[in-house]
Amino acid sequence: MRTSLALAALVLALGSSVAEAQTPPPAFELALRESDCMDAVHAALAVADEAPAPEPPVAPPPRNESVTEPVAPPPTPPPTPRVTVPRDRTVASLSEDACLGMLRSHDVDFHRLDPAEARGVGIPIRLDGPLAGITVRSRGHSELHEIVDCRLAVALLAWAPELHEAGVVEVHHYSTYRPGARVGGSRRRSGHANALAIDLAVLVMRDGSEREILTAWESRARGAAPCDDDHDEGPESASLRRLVCSVAEDELFQIVLTPHYDAAHANHVHLELRPGVSWQYVH
Ligand SMILES: [Zn+2]
């Protein structure tokens with residue numbers, strides 16, 4: 001009976017919906033005194049105290065920090081393309097048939113140009129694809145300035161395996177051909193007038209980064225011999241210098257002008273073929 005009273009009191013005290021639905025009979029109302037009410041509340045609270053505590057949420061297992069995510073192995077660089085053209089000064093004097101034959105035998109995509117389209121150029125061509133994996137193009141995508149003499153293309157083809165091994169995928173230049181170009185401040189004809197010279201500006205690496213001559217060629221000592229090993233520079237600059245100096249030392253190009261030469265070459269390296277000469281000029 002006391003339990004029934006306590007429950008009824010609790011229902012009344014808390015004003016539950018059960019109380020609204022089932023109004024207790026008047027006898028119960030009369031029987032309830034204040035002390036009974038308080039007893040009922042205390043009893044209910046005691047029951048609540050004795051109720052089992054809810055289970056604590058299960059914590060996730062601790063992350064094992066020592067287990068590292070599987071890391072994909074670095075991509076294997078593609079194999080160095082096989083190139084069988086001379087890498088010396090004989091390239092400058094190749095005949096037209098020999099020169100075009102070398103490009104064809106290396107599956108270079110190019111087309112011959114009408115001499116009227118490229119005044120002054122001995123064997124004018126336009127490259128339509130890479131040279132043994134190395135794309136050569138002008139920095140500003142100028143069709144005129146991208147015309148090359150076949151012999152310049154073969155010289156760059158000879159250089160391609162070394163560029164490839166250094167991680168280079170593209171060579172960007174300011175120009176190869178400039179009709180009627182003269183050597184700065186003189187009447188002498190420039191190698192650009194014959195599309196036998198390239199103003200190397202930027203090397204684009206396999207990871208997409210760029211080596212710009214203006215910033216990546218760190219040593220700026222004016223008049224210093226570019227191919228001496230005594231330069232104050234970091235490894236990237238040294239790698240860039242080595243690429244240029246290796247083709248200079250092989251005499252693939254007869255004129256090599258670097259940022260050490262003058263202010264006009266601060267942002268590029270001029271590499272030029274000179275047919276029929278026995279000298280070389282590297283500054
Ligand atoms: Zn130049």
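The structure is a predicted model, in which local features need pLDDT of at least 70, side-chain atom pairs count only at pLDDT 80 or more, and totals for chains, interfaces and linings use all residues. Residues are numbered from 1 along each chain as its sequence is written.

**View 1. Overall content of the protein chain.** The chain comprises eight helices and 10 strands (DSSP runs numbered from the N terminus, H or I of at least four residues for helices, E of at least two for strands). Of its 283 residues, 29% are buried (20 or more other C-beta atoms within 10 Å of the residue's own; exposed, 12 or fewer; partly exposed, in between; C-beta atoms placed from the backbone). Among contacts with a separation of 6 or more, 67% link residues 24 or more positions apart (a contact places two such C-beta atoms within 7 Å).

**View 2. Packing of α5 against α6.** The axes of α5 (96-105) and α6 (150-165) come within 9 Å and cross at roughly 45 degrees (lines fitted to C-alpha atoms over the stretch in contact, with angles from 0 to 180 degrees between N-to-C directions). The two helices are therefore oblique to each other (angles under 35 degrees are roughly parallel, over 145 roughly antiparallel, 65 to 115 roughly perpendicular, and the rest oblique). E96, C99, L100, M102 and L103 of α5 meet C150, R151, A153 and V154 of α6.

**View 3. The largest nonpolar core.** This core has 55 residues (buried Ala, Val, Leu, Ile, Met, Phe, Trp, Tyr and Cys joined through C-beta atoms within 7 Å). Its largest share, 11 residues, comes from α6. L131, A153, V154, A155 and L157 have the most contacts inside the core. Residues touched by L157, beyond those up to four places away in sequence, include V83, V85, H106 and L131.

**View 4. An open three-stranded sheet.** The strand order is β1-β2-β4, with antiparallel pairing (at least two DSSP bridges per pair). β1 (110-112) and β4 (148-149) are the edge strands. Two bridges join β2 (124-127) to β4, and I125 has V148 as its bridge partner.

**View 5. A positive phi at A132.** A132 has phi near 45 degrees and lies in the loop between β2 and β3. This residue counts as buried because it has 20 C-beta neighbours inside 10 Å.
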